[in-house]
Amino acid sequence: MTSRLALPRPDDLHAHLRRGPAMPAYARREEASFGRALVMPNTLPPIASAPALEAYRREIAAAAPGLEPLMAFKLVPGMGREAVLGCAAAGAVAGKYYPAGSTTNAADGPRCPEEVAGELDAMEEAGLVLSIHPEDPAAPVLEREAAFLPTVELILGRWPRLRVVLEHLSTRAALDYLLAGPPRLGASLTAHHLVSSLDELLGEALDPHLFCKPVLKPAADRDALRDAAFRGAAPGRLFFGSDSAPHPRQAKEGRRAASGVYAAPSALCALAGLFEEAGALGALGAFVAGSGAAFYGLPPPSGSLELAREEWTVPEELDGSVPFLAGRRLPWRLASRR
Ligand SMILES: [Zn+2]
């Protein structure tokens with residue numbers, strides 16, 4: 001008999017579903033693995049007002065009725081306190097801080113927290129979570145995450161009640177900062193920053209489908225992240241967010257490849273294999289379904305997801321994009337969800 005692994009239905013606390021004709025397929029792919037997804041707002045145009053947020057939520061719900069979208073808005077200088085409170089009233093759980101120029105569609109982000117001080121005041125007042133892409137785009141590429149930590153320190157000090165999430169941790173420095181931080185500081189980890197390292201991105205042949213922001217780091221950093229995930233470090237503060245960020249294949253394979261890994265189709269199965277290999281399968285449930293909900297103050301996940309221990313090969317292309325680990329054999333596959 002095939003062995004099975006039952007998990008509470010996982011939450012993805014960082015997902016890009018995009019907008020327009022490709023969105024429904026991406027949303028359904030997300031729905032196959034996750035019960036809830038915190039949907040990132042860096043669409044074009046950005047989600048930065050209550051009407052935009054409500055319209056986007058309706059589009060996602062229509063495309064993937066089994067997925068509960070958790071909405072976020074993008075912090076844009078000048079959006080104003082009323083727009084923040086409007087997003088909160090419309091059900092946003094988080095506001096996203098993209099330092100100007102840090103990643104896809106981030107040219108209009110704040111250059112420093114001061115540029116969105118009024119908006120952060122309103123977020124703190126409304127009890128919203130501040131989700132941060134923690135990279136300083138002015139620093140050398142592998143040092144950008146560490147270089148942004150003083151700005152995080154400034155934000156935590158100036159807004160003492162604001163809950164803050166450092167997204168997609170990629171370095172030991174940021175992990176150490178998180179572990180030493182207060183209960184209101186959380187962080188997400190992706191499957192690709194846990195499974196892969198800088199050498200897989202460009203050690204042998206350049207793989208544009210592993211190119212993302214923050215860039216994958218050397219194995220020593222990856223191993224520190226793995227260790228934290230396997231031992232369930234910082235319970236209720238360190239959790240899974242796929243940062244699934246699909247681009248059409250041609251946008252990844254031409255000159256100036258776009259950053260982002262299409263992680264949603266394979267992330268959970270890849271994690272199950274990784275945790276199993278480390279003898280840490282028992283820690284997977286809390287990592288993908290529990291810790292993040294606790295941090296965000298959401299009800300525990302409802303329903304379940306079963307994985308089966310059955311090898312499969314990740315397809316070379318799905319939904320017009322190349323998924324994470326395309327062409328690779330994975331030991332666990334999605335079986336059924338309730
Ligand atoms: Zn992202």
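Biologist: Which residues of α3 meet which residues of α4?

Modeller: This is a predicted model. In it, Arg81, Val84, Leu85 and Ala88 of α3 meet Gly118, Glu119, Asp121, Ala122, Met123 and Ala126 of α4. By class, the contact has six nonpolar, one polar and three charged residues.

Biologist: Why is α3 called roughly parallel to α4?

Modeller: The axes of α3 (residues 81-89) and α4 (residues 117-126) cross at roughly 30°. Angles under 35 degrees count as roughly parallel. So α3 is roughly parallel to α4. Their axes come within 8 Å, and the crossing is right-handed.

Biologist: How do you know that β4 and β5 pair?

Modeller: Pairing needs at least two bridges. Three bridges join β4 (residues 68-74) to β5 (residues 94-97), and the two strands run parallel. Take alanine 72: its bridge partner in β5 is alanine 94.

Biologist: What is the strand order of the open sheet?

Modeller: Eight strands form it, in the order β2-β3-β4-β5-β6-β7-β8-β9, with parallel pairing. β2 (11-15) and β9 (238-240) each have a single partner strand, so one side of each is left without a neighbour in the sheet. Neighbouring strands are turned by 25° against each other on average, direction ignored.

Biologist: Which strands does α5 lie across, and what is its angle to β7?

Modeller: Helix α5 (residues 144-158) lies across β6 (129-132), β7 (163-166) and β8 (185-189). Its angle to β7 is about 165°. Angles over 145 degrees count as roughly antiparallel. The pair α5 and β7 therefore falls in that class.

Biologist: Is serine 196 buried or exposed?

Modeller: The cut-off for buried is 20 or more other C-beta atoms within 10 Å. Serine 196 has 22, so it is buried. It sits in the loop between α7 (191-195) and α8 (198-202). Leaving out residues up to four places away in sequence, serine 196 touches Leu210 and Leu216.

Biologist: Why is α11 called largely enclosed?

Modeller: Nine of the eleven residues of α11 (residues 267-277) are buried, so the rest of the structure largely encloses the helix. Among the buried ones are Leu268, Cys269, Leu271 and Phe275.

Note on methods:
Residues numbered from 1 in each chain as written. Predicted model: local features only at pLDDT ≥ 70, side-chain atom pairs only at ≥ 80, totals over all residues. Helix = DSSP H or I, 4+ residues; strand = E, 2+ residues; numbered from the N terminus. Axes fitted to C-alpha atoms, helices over the stretch in contact; angles between N-to-C directions. Contact = placed C-beta atoms within 7 Å. Parallel < 35°, antiparallel > 145°, perpendicular 65-115°, else oblique. Left-handed = near helix turned anticlockwise from the far one by under 90°. Nonpolar A, V, L, I, M, F, W, Y, C, P; charged D, E, K, R; others polar. Buried ≥ 20, exposed ≤ 12 C-beta atoms within 10 Å, placed from the backbone.
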